[in-house]
Amino acid sequence: MTLQNPTYRPPAGTADAAPPRPAGLRALAQRHLSKLVVAPSFAAILLFVYGFIAWTVYISFTNSKMLPSYELVGPDAFSKLWRISRWYVAIENLLIFGGLFIGISLAIGILLAVLLDQRIRGEGVLRTIYLYPMALSFIVTGTAWKWILNPTIGIQEFVRSLGFPAFTFDWIVQQDTAVYTLVIAAVWQSSGFVMALFLAALRGVDQEIIKAAYLDGASLPRIYWGIVLPSIRPVFMSAFVILAHLAVKSYDLVVALTGGGPGYASDLPATFMYEMTFRRNQIAIGSASALMMLATVVAIIVPYLYSELKGGKRV
Amino acid sequence: MSSLTSALPPAQGTGARLARWGLYLILALFAAYYLLPLLLMIATSFKSPEEIRTGSLLSLPRELSLDAWSYAWNRACIGADCRGMAPYFLNSVAIVVPSVVLSTLFGALNGYALTKWRFRGANIVFAMILFGSFLPSQVILLPMARTLGVLGLAGSTGGLVLVHVVYGLAFTTLFFRNYYVSIPDDLVKAATIDGAGFFQIFTKIMLPLSLPILVVTIIWQFTQIWNDFLFGASFAAGGAQPVTVALNNLVNTTTGVKQYNVDMAAAMIAGLPTLVVYVLAGKYFIRGLTAGSVKG
């Protein structure tokens, strides 16, 4: 998801990288074919991405309830949004969930990548096992986790049956801990991906540096902590950006695991938006909350893309 | 690709051997952590309801009963519809196949045009398309629902195909564009001098070179679209819903006795296609995941 272009050359005049052109009508058509081919996709993106964003912005400035109304009333929906306590629950949950999800996924992913980098027998099999949750839908894995975390049939019951009748692990049904079960399932699903990112980057590090440090007497942990990890700093940035935008968009997982409950204790902005727009007939407020999500993603993505474009540095 | 530490001499001595054992132990524990939910799902799907009630969470099924699987496949009730997961599974197939084919085709053409026949503003066009890959879908849900209504596609699989093609373009274009920039322009130049045109070069020169990125893109799109829930839940009505939405409805049905073995079998049915693809072509799946974020 970067704009990096290894063979990028600045456009020279109007010719760019185009081959030499014969004159005539056929050549004219050929010359514009490229634009014609991209045009349908670009038009679709203009309409379905940018046009729809504009549409949502417009709706958020109306007093649309069940059906969209096109009469502008100013930023009412936004001020209403920020007076709804359920929205604050969703925001707070996003901060808790996002912070823990990103932090723990990075920690586990990096640890696994470094451990797997030690000439491990069966590395391929282990890598496959660590990463497979990424291939599954959150709805599928959420179904499994919901069952495992269910106090009456899952882990709690299992440990109790082993002879610890006082053991309690009922986070999923408690108001103040339900959000942490989202972290458990999301980390399980995505940490293998972080592992894959870092493992690929570790394999790109110059081995001579490691050798030199080793001959100087540095221990392996010191080499990784002091030399290798700092040298792949850009991957931290990529991983952070991808995980952060996954966190903001998280919807399926909440639906499958907690349904936002108990009550709305584990709501995230994505479930809040869906609830307002499609269940509570508050289209304007739903649109306003969607724009808050967009703003968050843009705040994460744009500086990242900008630095990628400007620096053009290779990872 | 070789291990970073392969430049170093292997460590000797008892301490080093102990460290190796510890290393493998940690890796095995993590493997267990990742595998456990899947194994529990599979084991439970083969158990009888009686065994789930009386047995232990971690026990293996006493006998392999396929009852839950066949019940989930064609008799389980999803809402008031008691035809099981089968019709929804077929819906997903009907959505995924055209969506993957079309979005991959457009992505390939875009990538080709944007790298080998650069026009003024090509980079801006690419950046604007790329932004779509980060778009939180919530921003377009409502306008899309209204638009599908106007187009007469509301609630249909056709509508979902349109949605998946459009919002898949950002990824497919990115994949092909980043792949094609590494193919020398001279190949194209030589072919134009020989009189080959835009599409001829695409089909005769570019496509035969594109097999790896085709596989990466098809697997990526297949996984994304098969696993989609938000679009399916928002835009598909009743009988046209994809398998993920059906699974969620099945699991969250509150009426009747909870049949955990059926829930797990249904989850496995919904998850198997992407799991099989991952096991068979994991290498390409990983390449898709890391395609944008690490240059490889």
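Let me start with chain B. Its radius of gyration is 24 Å, whereas a compact globule of 296 residues would come out near 19 Å. Keep in mind throughout that this is a predicted model. Along the principal axes, the C-alpha trace of chain B covers about 75 × 75 × 35 Å. As for burial, 49% of the 296 residues in chain B count as buried.

What is chain B built from? The count is 13 helices and zero strands. If you take the contacts within chain B between residues at least 6 apart in sequence, 76% of them join residues at least 24 apart.

Now the record for this chain. An unreviewed UniProt entry annotates "transmembrane region" at residues 21–43, 88–109, 121–141, 161–180, 201–222 and 264–286 of chain B. I looked at two of those spans in the model. Residues 21–43 of chain B are 100% helix and 0% strand, with 30 Å between the end C-alpha atoms. Residues 201–222 of chain B are 95% helix and 0% strand, and there the end C-alpha atoms are 27 Å apart.

Next, the domains. Chain B splits into domain 1, residues 14–45, and domain 2, residues 86–291. The centres of these two domains of chain B, taken over C-alpha atoms, are separated by 34 Å. Their contact involves four residues from domain 1 of chain B and six residues from domain 2 of chain B. On the domain 1 side of that contact in chain B, two residues are nonpolar, two are polar and no residue is charged.

Chain A is also divided in two: domain 1 takes 18–60 and domain 2 takes 78–311. In chain A, 36 Å lie between the domain centres, again over C-alpha atoms. Five residues of domain 1 of chain A and eight residues of domain 2 of chain A make the contact. The domain 1 side in chain A has three nonpolar, two polar and no charged residues.

For chain A there is a UniProt feature as well, from an unreviewed entry: "domain: ABC transmembrane type-1", at residues 91–306. In the model, that span of chain A, residues 91–306, is 73% helix and 0% strand, and its end C-alpha atoms lie 27 Å apart.

So how do the two chains meet? How many residues does each chain put into the contact? Chain A supplies 98 residues and chain B supplies 85 residues. On the chain A side, helix H1, residues 25–60, gives the most, with 17 residues. By class, the chain A side that touches chain B has 66 nonpolar, 22 polar and 10 charged residues.

Last, the core. Which residues touch the most other members of the largest nonpolar core? They are Phe198(A), Leu247(B) and Ala266(B), out of 184 residues in that core. The element that gives the most to this core is helix H7 of chain A, residues 178–202, with 18 residues.

Let me close on Phe198(A). Leaving aside residues up to four places away in sequence, Phe198(A) touches Gly109(A), Ile110(A), Ala113(A) and Val235(A). If you have the model open, Phe198(A) is one of the residues to look at, being among those with the most contacts to other core members. That is what I have.

How values were computed. Residues are numbered from 1 along each chain as its sequence is written. Chains are lettered from A and ligands numbered from 1 in the order in which they are written. This is a predicted model: local features need pLDDT of at least 70, side-chain atom pairs count only at pLDDT 80 or more; totals for chains, interfaces and linings use all residues. A nonpolar core is a set of buried Ala, Val, Leu, Ile, Met, Phe, Trp, Tyr and Cys residues joined through C-beta atoms within 7 Å. A residue is buried if 20 or more other C-beta atoms lie within 10 Å of its own, exposed if 12 or fewer, and partly exposed in between; C-beta atoms are placed from the backbone. Helices (H or I, at least four residues) and strands (E, at least two) are DSSP runs, numbered from the N terminus. Two residues are in contact if their C-beta atoms, placed from the backbone, lie within 7 Å. Ala, Val, Leu, Ile, Met, Phe, Trp, Tyr, Cys and Pro count as nonpolar, Asp, Glu, Lys and Arg as charged, and the others, Gly among them, as polar. Domain bounds come from an automatic or database domain assignment. UniProt positions are given in the numbering used here, feature names are shortened, and annotations may be inferred rather than shown by experiment. The radius of gyration is taken over C-alpha atoms; the globule rule is 2.2 Å times the number of residues to the power 0.38.
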